[in-house]
Amino acid sequence: MTAPDTRSPDRARVAPVDGPDAAGRWLRGGAPWPVLAAASLVYALSVWQEASAGRLGVDNAVVVRAARTLLDGGSPYADKRFLYPPGAVFAAVPETLLTDRGVSLVAPAATALLVLVAVVTALRIFGVRADSRLAALTVAGLGAFLPLRSVVHLANWTVFSALAFPAALLLARRGRWGGAGVVVGVAIALKPILVPLLLLFVLARRWRALARAVGVPLVVSLAAAWAMPRPGLFFTRTLPFLLHGQDAYARPYDAAWPSVLPRLGIPPSLASLLAVAAAVAVLGFARLRWRRGGDEGLRLVECAALLMLAAFLVSRPSFLHYALVVVPALVASVVVRGAAARSVWFWLPLLPQVAGVNWPELQSAERHAFKDFVMFTGATAALCAAVWRARPQPAREVTVSGDAYSLCSDPDPRNHSGTR
């Protein structure tokens with residue numbers, strides 16, 4: 001004879017608080033040390049392969065050359081290849097103490113280490129340990145991911161944005177929005193990739209944090225410009241060069257819609273119009289994702305990723321290694337039930353970026369942008385589709401002594417008749 005169910009009807013009707021499912025628990029679990037060692041070896045060999053190639057660290061060398069020009073009394077913006085804010089010049093001054101050979105070796109290695117730090121930071125958004133199975137899979141996967149090889153080979157300063165993106169979201173996840181604003185501001189002062197992330201502070205209505213994110217790069221840029229000769233060249237030479245999509249040397253590598261669609265036969269004016277329309281639509285999905293709620297870490301990551309991807313679609317240039325800004329955090333989100341990264345449609349656009357796989361007619365450097373176009377567009381579409389399919393997440397309830405209390409900020413208790 002079974003004992004009667006003494007639970008109240010209210011308690012029986014309340015759904016349990018969401019928790020990790022079996023897949024999430026397995027990914028969070030610790031990986032055996034041989035697996036961690038194998039993943040680290042794959043990553044190290046990938047970095048070593050790039051370090052053995054010629055013209056190593058060419059993008060970083062441009063910034064170091066600008067810093068040396070400044071120390072010699074010249075204007076960094078006399079070089080049309082220097083496309084960074086004034087603060088980046090002073091940040092590169094320590095590298096001038098090294099020889100050219102030393103810079104070409106140290107910078108790619110430091111870039112690879114910073115990507116690993118970014119991965120660990122992204123995992124911490126969801127409380128995942130650095131020695132977990134997901135960490136091992138992510139590190140091994142990055143070893144075969146062409147955007148990693150690109151950023152390491154070039155030693156491009158996009159790596160600072162790739163680190164600042166999850167760091168800012170981690171701080172926001174912990175309620176430290178002011179710190180998140182400072183992190184974003186510092187990253188923008190070095191390279192303005194994270195400018196679209198300012199909209200996240202607007203969606204969250206964190207105005208003081210937004211002021212910090214805007215104020216830090218503004219103060220740093222003004223101070224650095226005041227300390228260098230002929231800073232006006234940035235507006236008369238560098239900015240027009242950027243607004244025109246750089247030149248014929250960089251344009252084939254640009255994966256933005258206004259650059260790729262004309263190569264497919266679409267008129268440039270129509271391509272720009274389509275790019276703007278797509279970006280606006282993605283921004284709408286980002287706003288919808290924020291309003292849908294759900295797991296706070298997942299909401300931050302997916303909304304922020306949509307804001308960045310909207311910019312990658314329309315802004316020129318959008319290079320291959322920009323993917324490292326959003327991909328680690330999105331991959332880390334797979335531990336959460338309902339994450340867009342759990343859909344196969346998120347992973348399919350990333351497949352062309354697997355190293356060692358030959359794609360007919362797309363292997364040349366000039367045609368690689370078509371694969372990058374598929375990656376950015378496909379990942380964006382997968383996130384938007386996930387937002388469209390998802391349902392709004394109501395305020396969760398817990399039951400104490402048979403009475404239901406909402407976790408929303410409502411000081412007045414609610415009864416089940418709908419009155420107060």
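Is the crossing of α9 and α16 right-handed or left-handed? In this predicted model, the crossing of these two helices is right-handed. The axes of α9, spanning residues 158-173, and α16, spanning residues 296-314, come within 10 Å and cross at roughly 145°. On the α9 side, the contact involves Phe165, Leu169, Ala172 and Arg173. These residues meet Glu296, Gly297, Leu300, Val301, Ala304, Ala305 and Met308 of α16. By residue class, the contact of α9 with α16 comprises 8 nonpolar, 1 polar and 2 charged residues.

A volume of about 60 Å³ was computed for the largest cavity. Its lining consists of Leu309, Ala323, Val326, Val327, Leu330, Phe346, Leu350, Met375, Phe376 and Ala379. Two or more residues of this lining are given by each of α17 (327-332) and α19 (368-389), and the largest share, 3 residues, comes from α19. The lining of the largest cavity divides into 10 nonpolar residues, with no polar and no charged ones.

The second largest cavity has a volume of about 30 Å³. Ala168, Leu169, Ala172, Trp177, Ala180, Val184, Leu197, Leu200 and Phe201 line this cavity. The elements giving two or more residues to its lining are α9, α10 (177-190) and α11 (198-204). Here the division is 9 nonpolar, no polar and no charged residues.

Methods: Residues are numbered from 1 along each chain as its sequence is written. This is a predicted model: local features need pLDDT of at least 70, side-chain atom pairs count only at pLDDT 80 or more; totals for chains, interfaces and linings use all residues. Side-chain values use heavy atoms; hydrogens and water are left out. Axes are lines fitted to C-alpha atoms, for helices over the stretch in contact, and angles run from 0 to 180 degrees between N-to-C directions. Helices (H or I, at least four residues) and strands (E, at least two) are DSSP runs, numbered from the N terminus. A crossing is left-handed if the near helix is turned anticlockwise from the far one by less than a right angle, and right-handed if clockwise. Contact means heavy atoms within 4.5 Å. Ala, Val, Leu, Ile, Met, Phe, Trp, Tyr, Cys and Pro count as nonpolar, Asp, Glu, Lys and Arg as charged, and the others, Gly among them, as polar. On a 1 Å grid over the protein atoms alone, a cavity is a set of points where a 1.4 Å probe fits but cannot get out, and a pocket is an open set with protein on both sides within 12 Å along at least five of seven lines; lining residues have an atom within 4 Å of a point. Grid points are joined across faces, edges and corners, and a volume is the space filled by probe spheres set on the points.
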